[in-house]
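Please open the structure in your viewer and keep the sequence beside it.

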Amino acid sequence: MKIYDYRQELIDLLKNTSAEPASLTQTLRSLTTIVHVLNHYTDAPAAPDQPHETRPRFHQHQVHRPSQPLPENSKRQLKSLLTGPAADNRAAGQPRRKTAPQPPAGAAPQEVTPEERLVADNRYVVHRKLSGAEIAHHYYPEALLHRLPFAVADGDVVEVDPQQRVRGLPAIRRVSGDHLPDYQPAKITVIEYAELKAVPGSDVLQISSTLKENSLLDQAPENTIVVDPFKYPGRNLKAGMVIDYAYYDRGNGLKDAADGSIRWIHEKNDYDTTKQPAKPKPVKKVAHPQHDYEQKLDYDLKQRTVLVITGVRDKVQGLKPVITKHHGVFHGLDASAEEKVSSSTLKREIRNTDIVVVCIDAIHHRISQLANHHAKRYDKPLAIANVSSNTGVERAIGRALNGDPAYAASSKKIN
């Protein structure tokens, strides 16, 4: 029996193999065929006059496969497998293109789902978790969602930018107004601003009340939730921390809350537990308040920036002429939606302004507390206006310029 010498072709094959996956796959298939051919010759029966010898078996990566029958014209077939089929006109080094499977003839076309239509426009459904969310088959941690300038709820449709990355994830551009009609959002209840308290004689902590006083814990003194610090390694939980706690609400009350998890840990600058300062007693009016009032409001802001925080959305831009009249730069902040005004937003706005005016007639007391806290931190003059009116804001600016208390009446001297 004549044995075909394939060594040189095998050497050429290995030399021409590149590091690309397609080239390595083709070489692996050729080597597998060679092993099958060699095993075929090894398994051939010995002649009767020759002693029986134990022939070696050839293996590739310790993978044993049953031998295949040697095809006709083995020399031509072996050369074709080593060098590639003659009908393959692909350029050297190019990967093999995979063709999509064709549907059988006469089959009904597949219907495009509403979610697939959204994906075509880089829009994806938000699947909110107890902490973080799943968007576009990626997990977005709570830290990324907390830094967004808008709130993201379960079932919302967001538009992402695959070209822009934030911590390796596609950036979320905006929340669209689209919703899937058949999507069933998960019932997740969030207990916001709950303070961790120590349990006497134990290593665990508990939450029994919130700063907002609007949760399940605030309904009765015995309503408490145990928080095990060992369940959250690396967070260094301690008594006194303020957290947001989330759980799946199935209608079982505290039983469902016991299986929840910490969603967010607030920084010390994100909340202020101090009570709002008491308003001073009303003072008696002067004999001629009208003449004195006009004299007090005659001041010049000298192009200083005035931040006006109000909960009346129509007044955000309506108060701009008051600031412009006194040669100042107006900047308004809409605080009508409490959940959209975070501590970081207030901190950034107050840091970049010169005078802060808070209209307390239509905002949550937490926002006024945060504004007072950040104004003291960055040494910014702050005044309180009882109503979102031109006169109230004008008087508040006068008190801020004089350095008077936030609720005190304006003095006669204005710089």
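Which residues of helix H10 (residues 365-377) are buried? Select this helix and colour Arg-366, Ile-367, Ser-368, Gln-369, Leu-370, Ala-371, His-374 and Ala-375, which are its buried residues, where buried means under 20% relative accessible area, exposed over 50% and partly exposed in between, with a 1.4 Å probe and protein chains only. Before going further, note that this is a predicted model, in which local features need pLDDT of at least 70 and side-chain atom pairs count only at pLDDT 80 or more, while totals for chains, interfaces and linings use all residues. Residues are numbered from 1 along each chain as its sequence is written, and side-chain values use heavy atoms, with hydrogens and water left out.

**The whole protein**

Zoom out to see the protein, which has eleven helices and 15 strands; helices (H or I, at least four residues) and strands (E, at least two) are DSSP runs, numbered from the N terminus. Of the 415 residues in the protein, 36% are buried.

**Helix H10 and its surroundings**

Return to H10, whose 13 residues reach 18 Å from the first C-alpha to the last, close to the 18 Å expected at 1.5 Å a residue, the expected span being 1.5 Å times one less than the number of residues. Just after H10, look for Asp-379, which takes a positive phi of about 55°.

Keep E14, H10 and E15 in view, since together they make a right-handed β-α-β unit: with the strands pointing away from the viewer, the path from the first strand over the helix to the second runs clockwise. E14 and E15 run parallel and are joined by four bridges, and Cys-359 stands opposite Ala-385 in E15; two strands count as paired if DSSP finds at least two bridges between them. On E15, Leu-382 and Ile-384 point one way and Ala-383 and Ala-385 the other way, yet all are buried.

Select strand E12 (residues 305-310) and strand E13 (residues 329-334), which pair in the parallel sense over six bridges. The chain passes from E12 through helix H8 (residues 320-325) to E13, and this β-α-β crossover is also right-handed. Within the pair, Val-306 stands opposite Phe-330 in E13.

**The open sheet**

Next select the five strands that form an open sheet in the order E9-E8-E7-E10-E11, where the pairing is antiparallel. Strand E9 (225-227) and strand E11 (261-265) stand at the edges with a single partner strand each, so one side of each has no neighbour in the sheet. Strand E10 (residues 242-248) is joined to E11 by four bridges, and Tyr-245 stands opposite Ile-262 in E11.

In the loop between helix H6 (254-257) and E11, pick out Ala-258, which is partly exposed, with a relative accessible area of 49%.

**Helix H11**

Finish at helix H11 (residues 390-402), whose 13 residues should span 18 Å at 1.5 Å a residue and whose end C-alpha atoms are 19 Å apart, which agrees. H11 is mostly covered, as ten of its 13 residues are buried, among them Val-393, Ile-397 and Leu-401. Gly-403 follows H11 and has a positive phi, near 80°.
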